[in-house]
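Me: I'd like to learn how to read aromatic rings in a protein model. Could you walk me through one?

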Amino acid sequence: MTLDQFPWLTAIVLLPLVASFLIPILPDKEGKTVRWYALGVGIADFILMCYAFWKNYDPSSATFQLAEKYTWIPQLGLSWAVSVDGISAPLVLLAGLVTTLSIFAAWQVNIKPRLFYFLMLVLYAAQIGVFVSQDLLLFFIMWEVELIPVYLLVSIWGGQKRQYAATKFLLYTAASSIFILVAGLAMALYGNNLTFDMAELALKDFPLALELPVYAGLLIAFGVKLAIFPLHTWLPDAHGEASSPVSMVLAGVLLKMGGYGLIRMNMGLLENAHVYFAPVLAMLGVINIVYGAVNSFAQTNMKRRLAFSSVSHMGFVLIGIASYTDLGISGAMLQMISHGLIASVLFFLAGVTYDRTHTMLMNEMGYIGKVMPKVFALFTVGALASLALPGMSGFASEIAIFVGMTSSDIYSSTFRTVTVFLAAVGVILTPIYLLSMLRQIFYASDGNPTCDINPSCDISDISLKSQGNQEVVCFGTSCVLPSEADFSDARPREVFIAVCFLVPVVAIGVYPKMATNFYDATTTAINSQMRLAHEQVALIRNNETFAVQSSFPNLSEVKAKTVLATK
């Protein structure tokens with residue numbers, strides 16, 4: 001077998017899954033061997049996917065690549081069909097990076113470490129499986145497998161209300177997954193041939209009466225994962241109770257599965273229904289942006305504030321998907337990549353801060369910037385990236401979405417103006433709640449006045465190295481003895497993890513093409529298909545407000561090219 005024939009994607013999915021089943025037999029009493037083993041597997045899989053894409057992936061092509069297909073259960077029409085294109089390949093890399101660093105971030109797990117790292121590796125495999133599946137039934141299986149590790153990771157290693165948060169997550173996501181199964185069966189059973197292959201489903205000419213309810217069902221399923229209002233309420237609870245490594249995966253990867261599903265299935269298979277739902281997506285995006293920003297500002301729990309911030313930022317993805325422009329859809333993809341990196345580092349640093357202060361309540365913190373300057377600096381860079389500071393990836397993605405929606409010739413000028421204006425309100429609110437969060441954590445305290453006025457609580461006079469001075473000092477809003485407080489700044493491991501996220505955030509912000517070149521060919525092809533569908537629906541409705549552009553190929557030609565590309 002040559003390297004060209006090697007099943008790269010199958011190996012990438014199965015490596016962490018197979019490796020996880022070896023954890024119970026590893027000789028290890030204190031969990032040290034297990035954590036090194038899990039980290040090694042994560043790094044090996046990430047290196048494998050980087051090598052596979054570097055050698056075999058052509059970013060200038062909009063076709064599916066590294067395609068593999070094996071008959072699995074022929075009686076059900078189920079095949080192990082995997083491949084990647086510009087939509088899935090960058091998200092596979094994102095999942096690999098975030099999950100590997102999350103395993104490294106969980107270095108101090110000492111409660112059931114074997115089970116913890118086993119679940120992390122299973123989650124690793126399931127995430128990759130979702131992004132590479134080209135069989136709808138296989139996609140559903142991977143989607144469901146991902147739920148089990150997350151539920152256990154939150155319910156066992158979470159906070160005081162972990163059982164409630166984990167159960168709510170499971171109920172929301174499991175119930176919404178039913179819509180994926182029903183929609184998949186409806187599409188598979190339509191016509192003369194039973195198939196779950198997405199390439200073959202793209203060839204089927206579904207009637208609009210079928211497309212609309214199927215699209216609505218998938219929108220509910222993916223909307224729960226993407227945290228679209230009002231299906232988002234599981235997210236703040238899950239983030240508020242999950243440990244930081246799990247929150248990193250939740251925000252960095254799991255939310256992106258919802259956006260990926262909308263692009264891959266709602267837009268890729270149900271383009272005619274997308275014409276009717278696109279304005280709805282734009283409106284939901286605006287609601288997400290403003291609602292998430294306002295609620296984020298109202299939170300006193302640091303992780304819940306970051307969770308609502310994620311709700312707000314996912315609204316930009318919806319607007320980009322609804323824009324009908326190359327730039328808008330490209331911006332939606334870039335927003336998912338950018339937010340995956342930024343949210344991961346912010347939740348990681350929230351965990352680092354919690355390890356020192358032993359609280360997530362911002363009104364119980366304060367004045368710790370002087371004693372933890374590295375954490376403060378890294379947190380500040382992450383927050384500036386999240387508020388879309390120019391030169392950061394968040395700015396590149398959001399400005400692309402704004403310009404894409406503004407320049408769209410599909411919507412009326414009134415609709416575009418209102419959409420952009422309301423979205424801009426969220427952009428204005430973002431620095432307010434993020435900078436106020438930094439102030440409450442690292443500068444002044446709004447809490448216990450005793451520590452604010454007591455001269456003996458001046459931490460600027462306390463040596464971080466010496467614990468000989470037992471005079472009462474202020475740590476957050478608690479007056480404690482130095483020997484009873486952890487004043488340690490970020491350790492080398494923690495700095496390394498944060499830098500691994502922040503370097504690509506800055507690099508993409510300075511040179512966005514390093515990310516957009518990876519998928520622009522695919523997003524351009526998808527937008528052409530969407531505009532063509534819009535054009536044909538408009539002709540059917542005899543609506544003269546939609547311009548007919550003869551430069552687009554006909555619908556059957558686009559679908560035929562998509563199918564041929566996967567073979």
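**Aromatic rings, step by step**

Reply: Let's start with a group: Phe-6, Trp-8, Tyr-51 and Trp-54 form one aromatic cluster. This is a predicted model, where local features need pLDDT of at least 70 and side-chain atom pairs count only at pLDDT 80 or more, while totals for chains, interfaces and linings use all residues. Residues are numbered from 1 along each chain as its sequence is written, and side-chain values use heavy atoms, leaving out hydrogens and water.

Me: How many aromatic pairs does the structure hold?

Reply: There are 26. Rings of Phe, Tyr and Trp (its six-membered ring) pair if their centres lie within 6.5 Å; planes under 30 degrees apart are stacked, over 60 edge-to-face, and the rest tilted. Take Trp-72 and Trp-80: with centres 6.1 Å apart and planes at 70°, the pair is edge-to-face.

Me: Is Trp-80 buried or exposed?

Reply: Buried means under 20% relative accessible area, exposed over 50%, and partly exposed in between (1.4 Å probe, protein chains only). Trp-80 is buried at 13%, and Trp-72 is partly exposed at 44%.

Me: What about Tyr-215 and Phe-277?

Reply: Their ring centres are 4.5 Å apart and the planes sit at 15°, so that pair is stacked. Tyr-215 is in helix α8 (residues 208–226) and Phe-277 in helix α11 (residues 271–298), so the pair ties together parts 62 residues apart in sequence. Helices here are DSSP runs (H or I, at least four residues), numbered from the N terminus. Tyr-215 is buried at 0% relative accessibility, and Phe-277 is buried at 17%.

Terms used. Helices (H or I, at least four residues) and strands (E, at least two) are DSSP runs, numbered from the N terminus.
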